[in-house]
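Thanks for making the time this morning.

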Amino acid sequence: MFESLQQLLPVEWHGAYTVLTAPVRWIPEWQAMLLQLAWYGDSTLEVILKRVLILLPSLLMIAAMWSTMLSMYTLPFRSGRGGFITSLLLAWWDTGRTVWLYWASFARVAIALVGYIWGFTRFAFLMVKNFIVGIFRSPMMLLDWTSRRYFQPGVPWLAFAILLLWSAVEATIFTFTLRPTLSEVLSGLTGFEPDPRLMSPLLWLFLFLLVAGSFACIQVLAEAVKARKIPDIVQMFVVEAFVMFFEVVFLYRELVDAVTPWIAQTSGGQVQLGIVATLALASFGWMGVRGMTWFLFGRFGTPALLAIMARNTIGIQQAADIAAPVQPDLWRAPVAALKAEAEWFRREAREFSELISLPVLQLLAAAVNFAVVAVSSRPVFALPFRNLDDLLAVTHAWSSAAREARSESTPTGLPPRRPTPIELRAVGQ
């Protein structure tokens, strides 16, 4: 570059041109060597490492060298040479510190990433742990929570569960017993064979409600007898008689028919059960089964069943107060912890962004300082920055000072003095 410019000058000026350009003539060759060192490598990994670790510091060194050597030409004409040289040396000192802090920031970023990965790993394990524990604990806790919230203390849950289980078992038995008869009836009415897969669940649900309703009728009849209300006793007795008749004719009669061949075989054919004997045996069977189940668990579980159907609570006198149950803790604890740590995540995100951006901004600020020192003998930024707030405060203070300088003038008519970096930092704080 300098040789081509030299050819444009007269021959008499070549010597003076060589002397004048001696301070900067070597910079282009040195700059090309430095950029080649920072840009190329023997392997992909080496290229990546060089461009990440060396390229930006090399660009800063190039800008610093150009600013320094070009500012040497102004020394004979510059006032305050001592302050200028001091500012220039301090700029080089800041350059060395910013380059070192740039390299050290990679270690800080690596340590921060390890900490973040470790924290997120612990959080993930906490989520999985609570999920697994909640899966095993939630059924029991949900049952306890339901029992405590739906009823007052003292509800006979064992009798209530056995009542439902007995109703389900009885409905299952009578489903297989009554399904052939019901299939024949439906075939005669509709003209085609019903699908057992659809008919069996519906029949089971009907029989389950029928058996549970039988226990409910006995409970209402027992309460009417206890209260000695004659009209209610007569009414419920009639209702219970119809319930008994229906179950005996359609359900328990099938069981008696199943044992009729055994009776005939045992008696040598002398005992033949007629309609009266069959219905009598079925009635005795119904009363025996209902009486046994009623006195065992029906009289304790049926009130709870009726309370559930009526959406009422069962109060037991002189029941001890029980503390509120522990709620199933499946997602609540991790979500609460995540909400509690939201501020920490925001703070760490800001710190991580500072770890990444602040070293690069400090390199740029050092390059700007060299250009400003070459012009005004005073740097703009006081390096190094502690955080992004320092950079924003200095930039804002410099802009405010520049606006005030344009709007006001000194009494002597001279341009106002620009604030120093220390003054700018004080204004920012």
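Predicted model: local features only at pLDDT ≥ 70, side-chain atom pairs only at ≥ 80, totals over all residues.

When I speak of helices, I mean DSSP runs of H or I with at least four residues, strands being E runs of at least two, numbered from the N terminus.

Residues are numbered from 1 along each chain as its sequence is written, and side-chain values use heavy atoms, with hydrogens and water left out.

For the chain as a whole, there are 15 helices and 0 strands. Of the 429 residues, 30% are buried, with buried meaning under 20% relative accessible area, exposed over 50%, and partly exposed in between, using a 1.4 Å probe and protein chains only. Among contacts (heavy atoms within 4.5 Å) between residues at least 6 apart in sequence, 72% join residues at least 24 apart.

Two packed helices are described by the angle between their axes and the distance between the axes. The axes here are lines fitted to C-alpha atoms, for helices over the stretch in contact, and the angles run from 0 to 180 degrees between N-to-C directions.

Returning to the opening pair, the axes of helix 8, residues 157–190, and helix 11, residues 275–310, come within 8 Å and cross at roughly 115°. Helix 8 and helix 11 are therefore roughly perpendicular to each other, given that 65 to 115 degrees counts as roughly perpendicular, under 35 as roughly parallel, over 145 as roughly antiparallel, and the rest as oblique. On the helix 8 side the contact includes Phe-160, Trp-166 and Glu-170, and these residues and their neighbours in the contact meet a set in helix 11 that includes Val-289, Arg-290, Thr-293 and Phe-297. By class, this contact of helix 8 with helix 11 has 12 nonpolar, 3 polar and 2 charged residues, where Ala, Val, Leu, Ile, Met, Phe, Trp, Tyr, Cys and Pro count as nonpolar, Asp, Glu, Lys and Arg as charged, and the others, Gly among them, as polar.

Which residues does Trp-166 touch, leaving aside those up to four places away in sequence? They are Phe-215, Val-289, Arg-290, Thr-293 and Phe-297. Trp-166 lies in helix 8 and counts as partly exposed, at 27% relative accessibility. Its side chain is joined to that of Glu-170 by a polar contact of 2.7 Å, a polar contact being a pair of N or O atoms within 3.5 Å; within protein, one must be able to donate a hydrogen and the other to accept it, and residues adjacent in sequence count only if both atoms are side-chain atoms. The C-alpha atoms of Trp-166 and Gly-298 are separated by 9.7 Å, although these residues are 132 apart along the chain.

Helix 8 also packs with helix 9, residues 196–227, at an angle of about 130° and with the axes 7 Å apart. That makes helix 8 oblique to helix 9, and the crossing is right-handed. By class, the contact of helix 8 with helix 9 has 17 nonpolar, 5 polar and 2 charged residues.

Thr-175 is a second residue of helix 8 to look at. Thr-175 is buried, with a relative accessible area of 7%, and touches Ser-200, Leu-203, Trp-204 and Leu-207, not counting residues up to four places away in sequence. The side chain of Thr-175 also reaches the backbone oxygen of Ala-171 at 2.5 Å.

Past helix 9 comes Arg-228, in the loop between helix 9 and helix 10, the latter spanning 230–266. Arg-228 is exposed, with a relative accessible area of 72%, and has a phi near 60°, a positive value in a residue other than glycine.

Finally, helix 10 and helix 11 pack at an angle of about 110°, with their axes 7 Å apart, and are therefore roughly perpendicular to each other. Their contact has 12 nonpolar, 3 polar and 5 charged residues by class.

Definitions and conventions:
Left-handed = near helix turned anticlockwise from the far one by under 90°.
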